[in-house]
Amino acid sequence: MLVRLLYASRAVDTSPDAIESILAQSRQHNPVTGITGILCYGGGIFLQAIEGGRQQVSDLFGHIQRDARHKAVILLHYDEIFERRFGGWTMGQVNLSKLNHSILLKYSEKPELDPYSVSGKVSLALLEDLMATAAICGRV
């Protein structure tokens, strides 16, 4: 059974090296467990969708909740799915500082990433829009 989980967290360390460390670890470990997804970050906030088997996604989310690199981890959306939406990425990435902020304004009150103030469905729609506009990089 495939599931998709969407969560947000605040970065403890927002340096480029810390972000790259998270991405590198994801790209190394996710293929082994069948996890795919996308990581969106900006303003010290992570928005991440992970897809895969129910147990594997649940285990990974538990690990993220205990990961010292994240704080204020919150579950935004969880759903059983028929197919992967982000299946082409072991962990794709979007750096919001390089985007036209109008895409953020389309989904929120201000042109900044704040998944804590919108519904999980809105955050998922943002990620899908980013994918449709080819804003995701790091395809592996």
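These are my notebook entries on a predicted model of one protein chain.

**Ground rules**

I number residues from 1 along each chain as its sequence is written, and I work with heavy atoms for side-chain values, leaving out hydrogens and water.

**Entry 1: the overall layout**

I looked up the secondary structure and found four helices and five strands. Helices (H or I, at least four residues) and strands (E, at least two) are DSSP runs, numbered from the N terminus. Along the sequence they follow the pattern β-α-β-β-α-β-β-α-α.

Next came burial: of the 140 residues in the chain, 46% are buried. Here buried means under 20% relative accessible area, exposed over 50%, and partly exposed in between (1.4 Å probe, protein chains only). The chain exposes about 7,200 Å², with carbon and sulfur atoms supplying 52% of that area. Those areas come from the Shrake-Rupley method with a 1.4 Å probe; for residues, only the protein chains shown count as cover.

I also checked contacts (heavy atoms within 4.5 Å). Among those with a separation of 6 or more, 79% join residues 24 or more positions apart.

**Entry 2: salt bridges**

How many salt bridges are there? I get five, taking a salt bridge as a side-chain nitrogen of Lys or Arg within 4 Å of a carboxyl oxygen of Asp or Glu. I wrote down three of these pairs.

Arg4 pairs with Glu51, and their closest N and O atoms are 2.7 Å apart. Arg4 sits in strand S1 (residues 2-11) and Glu51 in strand S3 (residues 45-53), so this bridge ties together parts 47 residues apart in sequence. Buried or exposed? Arg4 is buried at 9% relative accessibility, and Glu51 is buried at 0%.

Glu80 meets Arg54 at 3.7 Å, N to O. Since Glu80 belongs to strand S4 (residues 70-81) and Arg54 to helix H2 (residues 54-66), the pair ties together parts 26 residues apart in sequence. Glu80 is partly exposed at 48%, and Arg54 is partly exposed at 42%.

Arg85 bridges to Glu128, again with a closest N to O distance of 3.7 Å. This pair links distant parts of the chain, 43 residues apart: Arg85 is in the loop between S4 and strand S5 (92-95), and Glu128 is in helix H4 (residues 120-132). Both ends are partly exposed, Arg85 at 38% and Glu128 at 27%.

**Entry 3: Val3**

I then turned to Val3 in strand S1, which is buried with a relative accessible area of 0%. Leaving aside neighbours within four places in sequence, its contacts include Ile50, Glu51, Arg54, Val57, Tyr78 and Glu80.

**Entry 4: the largest pocket**

For pockets I used a 1 Å grid over the protein atoms alone: a pocket is an open set of points where a 1.4 Å probe fits, with protein on both sides within 12 Å along at least five of seven lines, and lining residues have an atom within 4 Å of a point.

The largest pocket has a volume of about 330 Å³, a volume being the space filled by probe spheres set on the points, which are joined across faces, edges and corners. Its lining holds 20 residues, and Gln25, His29, Asn30, Leu60 and His63 lie nearest the centre. Helix H1 (16-33), S3 and H2 each give two or more residues to this lining, and H1 supplies the largest share, seven residues.

Conventions:
Predicted model: local features only at pLDDT ≥ 70, side-chain atom pairs only at ≥ 80, totals over all residues.
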